[in-house]
Amino acid sequence: MVTNAGVAAFPAYAAGLPEPAAVGTRTAINPIVRVAFYLFVLSIPFEIPNRTIPVEIPTLTGAVFLLATFLQPSACYRRLPAAVLWFMAYLWVFGLSTLVNRSGHSLLVAQLFLLLFQLVLILWVGANLLRDKTVLRGVVLALALACAVRAGMQLLGIGATVRAVWTGGVRVTALGQNPNWSAIVLAAGLVTMLSMRPRLLTWPIAALTGVAIIQTGSRGGLVALAVGLLALVWQGRTIATRIRGLGVGLLALGILAFGVFRSDMLRTRLTAAAAEGSLAGRERIYPAALSMIGERPFLGWGPIENQFEIAIRVGEERKDRRDAHNLVLDLLSATGLLGAIPFLIGIALCVRSAWRARHGPYGMLPFALAATTLAGCISGTWIASKILWLSLAIGVAAGTMAWEQRSRQRALGVLR
């Protein structure tokens, strides 16, 4: 059965919202499947780029999770979200573009294809499993806990990675991770923490996570966090409640801005971007990507091949490839319009479902998570980021849950 999205039940006690009414008969989720899902979510902030094994830890835990789903396929693959069909169409164009452009880096292309295929499957399974409020409660708590631990490691200097920047100061991350990627993952975790209770516990942890985000020096991460915060607080059925929520959001942004001002490194990076147009090479990458799109608009240059072509056009000396640093530019330069259109339709369906969730018992959290990760994709190509696909799965599930709840209320005459 194909639906617009899956069904979920967000942890109402964690979000400070009323418990949703039961939705029909639910099949109890196999505990092994639940644990495997939690382990996958827990592993997301702990990618180790410079590792001795060829596969990232979250990719391994994701594979284990998908294997566990065969213990209960009726619950895991019950419904097929429409967005999954569009993402599958994108993968088909992915293969076609690879064949047409005769990729010279077949191993890298195959690795990316398998990773994206895994993530689409996780979206499918997640949209079904998150129908169970116990599973969704565990997933959200796991995400918040994992991000809190990852931020704590960085603040305590455990596995910390320090890199000097030309504008002055150092950017700090952990486990050798990309600072921009780290900031987006931590921003998603921070948004999740702010939706949980008790606030006397979660808000101080969120504040420390905010300090870790500032340490990364990621301008894109700050934008993603700001977008997520504003989306999270824009809720309520009356203008008064929305204004009050917006005031809380502006206060949080003010505190964040104060932290940024106190960071000499981040302040100078922002000043360089405003005064000199310095965007860490993006000022050269974006025009190169746009010219490539104009030359091959329909099937692009091929996945991975587009990155090597960008490096040639920008005169890259240290690396043999550079990604487009923007999700839409990467889609268009790699697979052209034929690949970008189905992928963006899939994203739009997930975002629409997350927006629909605002009328349900989950409020703006699903939309805020999607907004945070997608805002991060404006300045980075995180198409294969696990946090992106997890946030999409939550949005798909919560949105359909809200829609079904309102449909039942209309049927009972509660809504007119």
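Modeller: In this predicted model, a residue counts as buried under 20% relative accessible area, as exposed over 50%, and as partly exposed in between.

Colleague: Which parts of the chain does the salt bridge of Glu56 and Lys386 tie together, and how many residues apart are they?
Modeller: The side chains of Glu56 and Lys386 meet at 3.1 Å, N to O. Glu56 lies in the loop between helix H2 (31-43) and helix H3 (57-68), whereas Lys386 belongs to helix H17 (residues 386-411), so the parts tied together are apart in sequence by 330 residues.

Colleague: Which residues are linked with Lys386 in a network of salt bridges?
Modeller: Lys386 itself is buried, with a relative accessible area of 1%, and its side chain meets that of Glu56 in a salt bridge. The network that includes Lys386 links it with Glu47 and Glu56.

Colleague: What distance separates the end C-alpha atoms of helix H5, and what span should its residues give?
Modeller: Helix H5 covers residues 82-101, and at 1.5 Å a residue its 20 residues should span 28 Å. The expected span agrees with the distance between the end C-alpha atoms, which is 29 Å.

Colleague: Is His325 buried or exposed?
Modeller: His325 sits in the loop between helix H14 (305-313) and helix H15 (327-356), where it touches residues including Arg282, Tyr286 and Thr381. Its relative accessible area is 14%, which is under the 20% cut-off, so His325 is buried.

Technical notes: Residues numbered from 1 in each chain as written. Predicted model: local features only at pLDDT ≥ 70, side-chain atom pairs only at ≥ 80, totals over all residues. Heavy atoms only, no water. Helix = DSSP H or I, 4+ residues; strand = E, 2+ residues; numbered from the N terminus. Buried < 20%, exposed > 50% of the residue type's maximum accessible area, 1.4 Å probe, protein only. Contact = heavy atoms within 4.5 Å. Expected span 1.5 Å × (residues − 1). Salt bridge = Lys/Arg side-chain N within 4 Å of Asp/Glu carboxyl O. Lists of a residue's contacts leave out its neighbours within four places in sequence.
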